[in-house]
Amino acid sequence: MINRATTLLTRAIDILQSEGLIKLIQRFTEFYFIQYGNYYLYENEICELDEAEFLPRTPDITVGIICNCEEADELAKTTGVDIRLRFTNARNCLDSGAIATCILIDGAIAHLGWLALHDEAQKAISNLPQKVSFSSGEALAGGGLTIPEYRGNGLLSYSSYIRLRLCRERGVIALRYAVSNKNTVAQKALAKFSPRLYARARYIKFLWWKSWKEIPVS
């Protein structure tokens, strides 16, 4: 309980310093009370990609692919970076079987994204009940975040390439993800992979009540 409180406080201070008080209040309100959003739902068929097309604009990066807390311990030991201390839900995501793709720049976390290969992992990395058929070979990407001072370096595109490569290595046939209709930066970055827009969705949360509706796009 003490560790979780410390992690939450660390994350709150990080948001306050990097994004300001208004963003901190917004995150707190969305987490505990009310959330509303419209989303584009995309799907990428898994194929071989040329890594050179997606390399970030900064050359000095370290990539970590973390599948469990033991691997998170190893990354912390070799780099001094523990994603579980920076991101409040990271431990739960790893314990639930989600895979983290972490990009470090000069020894600091610059980007973190998640990949889910089953239902339990999906629930850990995303609060959106997006329809994913894991039994049919689909996977879900979510929870991507680039730390503000490292934005503009193409880290989301490269992290997405890494997740698509992981999917190919694990026999996944399609990767699904949701992007807020307001997040034009992410839409532009992910357009490099020519995803298929298969639906639009609306999500509403008020206290414990939730509503999710997917509207197929022809």
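A surface patch is made here of residues with over 30% relative accessible area and no salt bridge, where like charges are joined within 9 Å and nonpolar side chains (Val, Leu, Ile, Met, Phe, Trp, Tyr) within 5 Å. A salt bridge is a side-chain nitrogen of Lys or Arg within 4 Å of a carboxyl oxygen of Asp or Glu. The model is predicted, so that local features need pLDDT of at least 70 and side-chain atom pairs count only at pLDDT 80 or more, while totals for chains, interfaces and linings use all residues. Residues are numbered from 1 along each chain as its sequence is written, and side-chain values use heavy atoms, with hydrogens and water left out.

One nonpolar patch on the surface is formed by Ile-34, Phe-206, Leu-207, Trp-208 and Trp-209. Together these residues have about 640 Å² of accessible area, computed by the Shrake-Rupley method with a 1.4 Å probe and with only the protein chains shown counting as cover for residues. Phe-206 belongs to strand β7 (residues 196-206); strands (E, at least two residues) and helices (H or I, at least four) are DSSP runs numbered from the N terminus. Phe-206 counts as partly exposed because its relative accessibility is 47%, given that buried means under 20% relative accessible area, exposed over 50%, and partly exposed in between (1.4 Å probe, protein chains only).

From the surface, the account turns to the interior. In soluble globular proteins, nonpolar side chains tend to be buried together. A nonpolar core is a set of buried Ala, Val, Leu, Ile, Met, Phe, Trp, Tyr and Cys residues joined through side-chain atoms within 4.5 Å. The largest such core has 51 residues, and those with the most contacts inside it are Ile-66, Ile-83, Phe-87, Trp-114 and Leu-175. Helix α7 gives the most to this core, with 7 residues. A second, separate core of 8 residues includes Tyr-198, Ala-201, Tyr-203 and Trp-212.

Helix α7 (residues 155-169) is mostly covered, with 11 of its 15 residues buried, among them Leu-155, Tyr-161 and Cys-167. After α7 comes Gly-171, whose phi is positive, near 80°.

Two residues stand out for their backbone angles. Most residues other than glycine have a negative phi. Asp-106, although not a glycine, has a positive phi of about 55°; Asp-106 lies in the loop between β3 (99-105) and β4 (108-116). Ser-194 likewise has a positive phi, near 50°, and is found in the loop between α8 (184-190) and β7. Asp-106 is exposed, with a relative accessible area of 70%, and Ser-194 counts as exposed at 61%.
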